[in-house]
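Subject: Structure handover

Hello,

Please find the structure below, with the sequence alongside. My notes on what was found follow it.

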Amino acid sequence: MYKVCFVLPGVSGHAVGGYKMVFEFANRLSAEGCEVSILFDNTNLYRRFRAPELIRKNVANFMTQIQPQWFKLDTKIKKISTLEKKYKEKLADIDVCIATAVQTVDLVYNGIKAPRKVYYIQDYENWDIDEKYVQETYGLGMVNVVISTWLQKIVNQYSKTKSVLIQNPIDTSIYAAKVPMCQRKQHTIGLLYHEGPHKGIKNALEVLKKVKKI
């Protein structure tokens, strides 16, 4: 079976939607018999703290091994930190390397050897990085995988080949109707709050105002 490596921007001690999708893919590939690794690019992790470089590296490498505690990751999956010595040697014979965010593209494209390289694109990540650079990453020649049709339209404008659409599924074993509609309290609405303007919370609140008037 294939040896697959996902590359994430850095280890995270709290739940992140994009990370969760990567972990879901990692678990399912591992269950299918693939040898899966996750490389955490911890280059800038804990830089905001005034601590000696050696301590920062040791803490980052330790956290890489104990996280995520908020998600049940298959114990067979190898977790690797870019702050480890000779970390690239652990990835010397992988078949597929997957960038999971715009921050990881350069490392995957230029820093890691693999016969096949994939770019898993979960959003138009132009909020912290120059938009032109984001667009250029789509045209590097990696296999672009997108999660939505609107994102696919953007990516295809700058990609050499058509991107692959794999929409996020819903796990119906978790998200299931446990209480029949007729037995629920009326006028109860739930939504995700996020401070990022691109997440559209402003639009959601405007819709709620209109619903309330009706």
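Helices and strands here are DSSP runs, numbered from the N terminus; a helix has at least four residues and a strand at least two. Please keep in mind that this is a predicted model.

Thr100 sits in the loop that runs between strand E4 (96–99) and helix H3 (105–111). With a relative accessible area of 6%, Thr100 falls under the 20% limit and is therefore buried. Apart from neighbours within four places in sequence, its contacts are Phe6, Val7, Leu8, Pro9, Val22, Tyr120 and Gln122. At 2.5 Å, the Thr100 side chain reaches the backbone oxygen of Val7. Lys72 is 28 residues from Thr100 along the chain, and the C-alpha atoms of the two are separated by 19 Å.

Next, the aromatic rings. The distance of the centres and the angle of the planes describe a pair of aromatic rings. The count comes to 6 aromatic pairs. In one of them, Phe23 and Phe71 have ring centres 5.5 Å apart and planes at 40°, so this pair is tilted. Phe23 belongs to helix H1 and Phe71 to the loop between helix H2 (53–66) and strand E3 (78–81), so the pair ties together parts 48 residues apart in sequence. Both Phe23 and Phe71 are buried.

Phe25 and Tyr120 form another pair: their ring centres are 5.5 Å apart and their planes stand at 85°, so the pair is edge-to-face. Because Phe25 lies in helix H1 and Tyr120 in strand E5 (residues 116–121), parts 95 residues apart in sequence are tied together by this pair. Phe25 is partly exposed, at 27% relative accessible area, while Tyr120 is buried, at 5% relative accessibility. Ring pairs also join Tyr19, Phe23, Trp70 and Phe71 into a cluster.

Last, the open space. A probe the size of a water molecule, rolled over the atoms, shows where empty space is left. The largest pocket has a volume of about 1,600 Å³. Its lining is made up of 44 residues, and Val16, Gly17, Gly18, Gln122 and Lys199 are the ones nearest the centre. Helix H1 (17–31) and helix H6 (201–213) each contribute at least two lining residues. H1 has the largest share, with 8 residues. Sorted by class, the lining holds 23 nonpolar, 13 polar and 8 charged residues. Gln122, one of the residues nearest the pocket centre, is also among the contacts of Thr100.

Regards

Conventions:
Residues numbered from 1 in each chain as written. Predicted model: local features only at pLDDT ≥ 70, side-chain atom pairs only at ≥ 80, totals over all residues. Heavy atoms only, no water. 1 Å grid on protein atoms, 1.4 Å probe; cavity = no way out; pocket = protein on both sides within 12 Å on 5 of 7 lines; lining within 4 Å. Points joined across faces, edges and corners; volume = space filled by probe spheres on them. Nonpolar A, V, L, I, M, F, W, Y, C, P; charged D, E, K, R; others polar. Phe/Tyr/Trp six-rings, centres within 6.5 Å; stacked < 30°, edge-to-face > 60°. Buried < 20%, exposed > 50% of the residue type's maximum accessible area, 1.4 Å probe, protein only. Contact = heavy atoms within 4.5 Å. Polar contact = N/O pair within 3.5 Å; in protein donor to acceptor, adjacent residues only side chain to side chain.
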